[in-house]
Structures are given as structure tokens and as C-alpha cells.
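Here is a predicted model to look over together. Take a moment with the sequence and the 3D view, then work through the questions below.

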Amino acid sequence: MQALQKNGHTTCMVGDGINDILALKQSDCAIAFGSGSEATKAVAKFVLLENDFSTLPNVVKEGRKVINNINTVASLHVVRVIYSTILVFAFFLFKILFPLDPVNLTLVGILTIGVPTFLLVFEKNEAKAKDNFFRNIFLNALPCGIVLALTIFTLGALAKGEISIEDVGGRVLHYQHYAQSEILDMAMKTTITQVVGGVQIFLMFLLCRPLTRFRLSVILLSLVTFIASYFIAPLMSLFGLSPVEFYWPPMWYDFLTIIIVLIDIVAILIIRFILLKTVLKEKPKEIEV
């Protein structure tokens, strides 16, 4: 067992007696029979209650499913942490009011993170697990988080005007941040949430490759429901956003959203390409599970 571990192999030990305890402790995966001694079962990581080896393949398949699906969906949650953290420091440093209310991104979180994650973790995935968790975070979540942070900061800075309040003698008393108008303020909030949702759906596409019928269905479901929700006025009012309406000439922010999402996608692809060519040259190794 020591020779196998020194050569980089993952070892497993199955036993039921006290004489197996030392080997069980040393192994990477210790399995005990349900009929074995209490000391043996206390040391083991798995206990076969029915003393049947035929259950082990199912255990391996379930483990692969959990590892692979967590690797797929983890970046969806981490990207929000990244851009939120950057924005908190950026807006504090430049003394600009945060452009969004907490309720504004609730819809984005439900339709592009919550529901897709819930569905994707149940996907049957029995492929060999790969040691690529932090690689996925660095390759996918980090570029998306940085690009979204820059986009939201730029839009937020443009949306918030700054005026000086002066006394009779012309002395500046204080500065006050304000939205130029309530309509434009709501329009900018809507634009930002649409950009965040569009980029995160693109990130979902990157994470779900190679596409299967199930993964494609989840992506399309998220995309269709996210777009359709912006045409439901009561729903948008609930989340503090302005609904999309069909009329000509269209509002400038309807086209602005599409342009910004496309620019962000190009920027993300460029950053990913640079990372793959410089920092992440090595491919992830398969885990012997």
C-alpha cells in the first residue's frame, strides 16, 4: 500500500477485523463490513451494512456524479462573490453610490444561478472526476467576475451624477450624488441586471461543455425565462426594474444591453485565452475514482 501511495495512486482497503485497522487508517479510502468489529467500523470511512461488494460500483458512480456536478456549477456562485467584492471596494474608494438595490439582482440570481444549479446537480455524470475545481474557478469565474465588476462600475458611475451645493458667496458646502431622473435610474438598473444575467448565462454555457441534451435544455430554459420575465410588468415592478416594451424608436438602453453583453463576452474569451496560454498550460489530471 505504501508503495502504491508513493507512486501517486489512490488506495482502498476493505476489512472486518481488528488486524485490518492499521491498513484501514493508512489507506485513502477505508471500507468495513457491517458484520465487522466496532473498532474497525469506527475507523472506516464507509461501512457495507449488507456485506455486499456489489454496492461499491454505485458508490463510485454517485461520487463521480457529485464531484463532476459541483465542478460544473461552483463557478456560477463564485462569480457573484468576485464581482460583488470588487464593487464594494471600488464604489467605496471612489465614493460613488452603489447603482443597484438588493432586490434588483434577485431575479438574476433565481433564473441564472438558483434554478440552473438545482437542475444541473441532478444530472447523471459517471465520467472520471478531474482535479480541476480551482482551475475552473480561475479560468471561468475570475474573468467573468472581473469583467462584470468593470461593467457595473462603469455603468453605475455614468448613471450617478454629482452636483455641488453652494452658498451665496460661491463656497461649496457639500457634494451630493443623485440619479439624473427616476426613469433613467430605473433604466440603468434594468440594463445592469440584464448584462449580469446575459454574462452568467454565457458562463453557464462555458461550464456545461460538452453540451448534452439535458444541459442544453437547462441553458435554454434559463435564457427563455430570463428574457420573458422582462416583458411582465408586475414582475418587473416587484424587482424594481422597468419592463421591456415594443415600440419605435426603442429606448436607448434596450440596444445598449445587447452591445455591452457582446463586448463582455469578447473580453471574457480574450482573458480566458490568455490564461490558457500562460498560467493554465497544464490540463487537469484525472482522479482515480
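**Helices, core and open spaces**

Q: In which helix is Asp185 found?
A: Residues are numbered from 1 along each chain as its sequence is written, and side-chain values use heavy atoms, with hydrogens and water left out. Helices (H or I, at least four residues) and strands (E, at least two) are DSSP runs, numbered from the N terminus. On that numbering, Asp185 is found in helix H7.

Q: Is Asp185 buried or exposed?
A: Buried means under 20% relative accessible area, exposed over 50%, and partly exposed in between, using a 1.4 Å probe and protein chains only. Asp185 has a relative accessible area of 15%, so Asp185 is buried.

Q: How far apart in space are the C-alpha atoms of Asp185 and Gly156?
A: In sequence, Asp185 and Gly156 are 29 residues apart. From C-alpha to C-alpha, the distance in space is 9.5 Å.

Q: What span does H4 reach from its first C-alpha to its last?
A: H4 covers residues 56–94, which makes 39 residues. The expected span of a helix is 1.5 Å times one less than its number of residues, and H4 comes close to its expected value. From first C-alpha to last, H4 reaches 57 Å.

Q: Which residue follows H4?
A: Look for a positive phi, near 55 degrees. The residue that follows H4 with this value is Lys95.

Q: At which residue does the kink in H5 lie?
A: H5 (residues 106–120) has 15 residues and reaches 20 Å, close to the 21 Å expected. Its kink is about 25 degrees and comes shortly before the proline Pro116. The residue at the kink is Gly114.

Q: How much space lies in the largest cavity?
A: On a 1 Å grid over the protein atoms alone, a cavity is a set of points where a 1.4 Å probe fits but cannot get out, and a pocket is an open set with protein on both sides within 12 Å along at least five of seven lines; lining residues have an atom within 4 Å of a point. Grid points are joined across faces, edges and corners, and a volume is the space filled by probe spheres set on the points. The lining consists of Arg80, Tyr83, Leu105, Val108, Gly109, Ile113, Val196 and Gln200. The space in the largest cavity is about 30 Å³.

Q: Which element gives the most to the lining of the largest cavity?
A: H4, H5 and H7 each supply at least two residues of this lining. With three residues, the one that gives the most is H5.

Q: How many charged residues are in the lining of the largest pocket?
A: This pocket holds about 690 Å³ of space, and among its 26 lining residues, Lys130, Asn132, Asn136, Arg209 and Pro210 lie nearest the centre. Ala, Val, Leu, Ile, Met, Phe, Trp, Tyr, Cys and Pro count as nonpolar, Asp, Glu, Lys and Arg as charged, and the others, Gly among them, as polar. The lining has eight nonpolar and eight polar residues, and the number of charged ones is 10.

Q: What is the omega of the peptide bond from Arg209 to Pro210?
A: Pro210 is found in the loop between H7 and H8. The bond from Arg209 to Pro210 is cis, with omega near -5 degrees.

Technical notes
This is a predicted model: local features need pLDDT of at least 70, side-chain atom pairs count only at pLDDT 80 or more; totals for chains, interfaces and linings use all residues. The bend at a residue is the angle between axes fitted to the seven residues ending there and the seven starting there.
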